[in-house]
Amino acid sequence: IYSEYSKSKKSEFNTKLRTWENERLKNIKYTETKDGQCYYTNKYENTNKGDLRALFHLYNIEFILQKKAFYYLFPFDLFKSEKWDIEHISSQTENTLNDEKAQEEWLDEALNALGEKDRQDYLADMHNVEGFQEKKKWIINRVGEDAIDEELKNSIGNLTLLNATINRSYGNNIFPVKRKTIVDWDKDGAFILLCTKNTFLKYNTDGNNLRWTEEDILRSMNHIVEILKDYITKTED
């Protein structure tokens with residue numbers, strides 16, 4: 001890359017970079033319905049994870065470039081120094097949590113992350129319920145994650161790129177807990193990719209900050225397409 005940069009004019013080098021990115025993302029494809037909703041044809045389980053990392057890396061860079069009002073440059077040095085996971089925003093796998101202490105910790109974290117009305121409703125509905133699974137089911141239902149279609153849950157709209165340390169600190173928890181964790185790490189100055197932070201703060205999807213729904217996934221998918229439409233392939237349905 002440096003060799004090409006050294007012998008090229010700026011405009012030529014810019015064109016080469018874009019050509020390389022198009023080639024890097026040639027396997028990422030999307031389709032668009034008549035009403036304008038975009039769907040990635042790539043699913044998490046059958047897509048090269050390197051392709052997904054490249055997609056979300058470029059998503060963050062291109063977002064910054066397109067929002068010219070930002071006094072912000074992408075921190076390549078910080079990015080290079082970290083390890084990165086492809087994270088499911090709504091968890092892909094079921095956490096059985098057979099250990100009683102782990103169950104108590106899960107419930108405490110979940111309830112602390114919910115809103116006051118949710119907590120009051122939980123206490124009213126669950127005051128005579130002793131089983132952990134029923135309590136957990138109530139919480140997951142309240143935040144909307146049980147209603148997400150499994151195919152959508154495995155789609156690019158439900159994925160993001162997250163620092164591996166942060167990702168592994170909260171396990172397969174509900175969206176409000178993940179969001180609170182991101183906010184807490186951000187307060188302490190941790191490096192969180194801008195688009196990842198925007199996703200968890202729901203700047204691109206609007207709606208209730210304590211919910212992550214199918215509508216949020218679809219809006220997230222559309223936003224990624226909007227930013228990267230010059231780099232990814234549109235196919236017919």
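In these legends, buried means under 20% relative accessible area, exposed means over 50%, and partly exposed is in between (1.4 Å probe, protein chains only). The model is predicted, so local features need pLDDT of at least 70 and side-chain atom pairs count only at pLDDT 80 or more, while totals for chains, interfaces and linings use all residues. Residues are numbered from 1 along each chain as its sequence is written, and side-chain values use heavy atoms, leaving out hydrogens and water.

**View 1. Aspartate 118 and arginine 142 meet in a salt bridge.** A salt bridge here is a side-chain nitrogen of Lys or Arg within 4 Å of a carboxyl oxygen of Asp or Glu; by this rule the count comes to 18. For this pair, the N to O distance is 2.8 Å. Aspartate 118 belongs to helix α6 (residues 116–126) and arginine 142 to helix α7 (residues 132–142), so the pair ties together parts 24 residues apart in sequence. Helices (H or I, at least four residues) and strands (E, at least two) are DSSP runs, numbered from the N terminus. Aspartate 118 is buried, at 6% relative accessible area, whereas arginine 142 is partly exposed at 24%.

View 2. Next, look for lysine 197 and aspartate 186, whose closest N and O atoms are 3.3 Å apart.

View 3. Among the buried residues are Ile217, Leu218, Met221 and Ile224.

**View 4. Ile1, Leu17 and Trp20 form a nonpolar patch on the surface.** Together they have about 300 Å² of accessible area, computed by the Shrake-Rupley method with a 1.4 Å probe, where for residues only the protein chains shown count as cover. Patches are made of residues with over 30% relative accessible area and no salt bridge, joining like charges within 9 Å and nonpolar side chains (Val, Leu, Ile, Met, Phe, Trp, Tyr) within 5 Å. Isoleucine 1 sits in the segment before α1 (2–6) and counts as exposed, at 68% relative accessibility.
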